[in-house]
Amino acid sequence: KWVLYGTEVVERDKVSIDLEDRGYNFGDGIYEVISIHGGKPFALRPHFLRFVESARKMQIALPCKWEDIAMSVEELLRKTGVQDGIVYIQMTRGVSQRNHVYTHKEQAVITGFARSTSSMEEEQTNGMACFVTEDLRWLRCDIKSLNLLGNIMAKRQAADEGCQEAILHRQWQCTEGSASNVFIVKNGIVYTHEANHYILNGITRQYVLSLAQKLNITVREEAFSLAALERADEVFCTSTSLEVAPVVEVKGDIQATYEIGQVTKTLQQALQQVLF
Ligand code: PDD
């Protein structure tokens, strides 16, 4: 019943969104998904820093300080009482008569909700099957924009093939998952796509990379090919909701099966210790 609207926590039926909100017309907006553990948001600050960065890249002016939104998120959590789940926050450029050209005069519209989510224990313990398919998205995947057509179509295709996630590639170089980052392990070395405009630099990705460093696991942030994916010793995906989820099978443009390996397990446990 309680949702975020601007920097206020209000009842859901008090929210009114204009039919010419640019988020609705153009997907002209950004979002964040933050996990909640024991009633507390995890990595609130990194998520908001990325939110601010996405807004900057899209020239959307924040209507307030991000700290004010963060405070409202805390209030939302108190009011909803969500213990384990997620907070979703989105900001559209706001309302203007439908026209491709934005004027910089629109007033950004912020909405959000908190929700309990079912655990990803099944995926985390037994691993996922992933559907490998072409990355059809635009070239600014570093922005966490509301435009997710390329992502949702790949995810649907994956689901139709009995897979839990899609792994995307551009000309046989792996980029990321439809809603996660992808890692492979080969001869004890961890590889994941570098954080450039082809991928979203996941907050979980960043945690896993720093944990790997602490654990003396060698990491190379560089693109790897489908052939490398096919021959990998271990494969795993990371995201706010998946945390670290092993991949046990890929199909689609390549086919392979994997064991859940020691490096994956070590990083999974290390992240769990940070989360709980
Ligand atoms: N997805 N790459 C893409 C394309 C994503 O959509 C996400 C997150 C990630 C991982 O980012 P993080 O570790 O910060 O969650 C990578 C969120 C959870 C979503 O859209 O629901």
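Visitor: What makes strand E3 and strand E5 a pair, and in which sense do they run?

Guide: Two strands pair if DSSP finds at least two bridges between them. Strand E3 (residues 29-37) and strand E5 (residues 85-92) are joined by 8 bridges in the antiparallel sense, so they meet that definition. The model is a predicted one, in which local features need pLDDT of at least 70, side-chain atom pairs count only at pLDDT 80 or more, and totals for chains, interfaces and linings use all residues. Residues are numbered from 1 along each chain as its sequence is written. Strands (E, at least two residues) and helices (H or I, at least four) are DSSP runs, numbered from the N terminus.

Visitor: Why are E2 and E4 called edge strands?

Guide: The open sheet has 6 strands in the order E2-E1-E6-E5-E3-E4, with antiparallel pairing. E2 and strand E4 (40-41) each pair on one side only.

Visitor: What joins E1 to E6?

Guide: E1 and strand E6 (residues 109-116) run antiparallel and share 2 bridges, with leucine 4 opposite glycine 112 in E6. E1 (residues 2-5) also pairs with E2 (residues 8-11), antiparallel, over 4 bridges. There, tyrosine 5 has glutamate 8 as its bridge partner. The hairpin of E1 and E2 has 2 residues between the strands, and glycine 6 takes a positive phi near 65°.

Visitor: Why is H6 called roughly perpendicular to H8?

Guide: Helix H6 (residues 203-214) and helix H8 (residues 262-275) pack at about 110°, with their axes 10 Å apart. Axes are lines fitted to C-alpha atoms, for helices over the stretch in contact, and angles run from 0 to 180 degrees between N-to-C directions. Angles under 35 degrees count as roughly parallel, over 145 as roughly antiparallel, 65 to 115 as roughly perpendicular and the rest as oblique. H6 is therefore roughly perpendicular to H8.

Visitor: Which residues make the contact, and what are their classes?

Guide: Tyr207, Val208, Leu211 and Ala212 of H6 meet Leu267, Ala270, Leu271 and Val274 of H8; contact requires C-beta atoms, placed from the backbone, within 7 Å. The contact of H6 with H8 has 8 nonpolar, no polar and no charged residues. Ala, Val, Leu, Ile, Met, Phe, Trp, Tyr, Cys and Pro count as nonpolar, Asp, Glu, Lys and Arg as charged, and the others, Gly among them, as polar.

Visitor: Which element supplies the largest share of the shell around the ligand?

Guide: H6 does, with 3 residues. By class, the shell has 4 nonpolar, 9 polar and 2 charged residues.

Technical notes: Contact = placed C-beta atoms within 7 Å.
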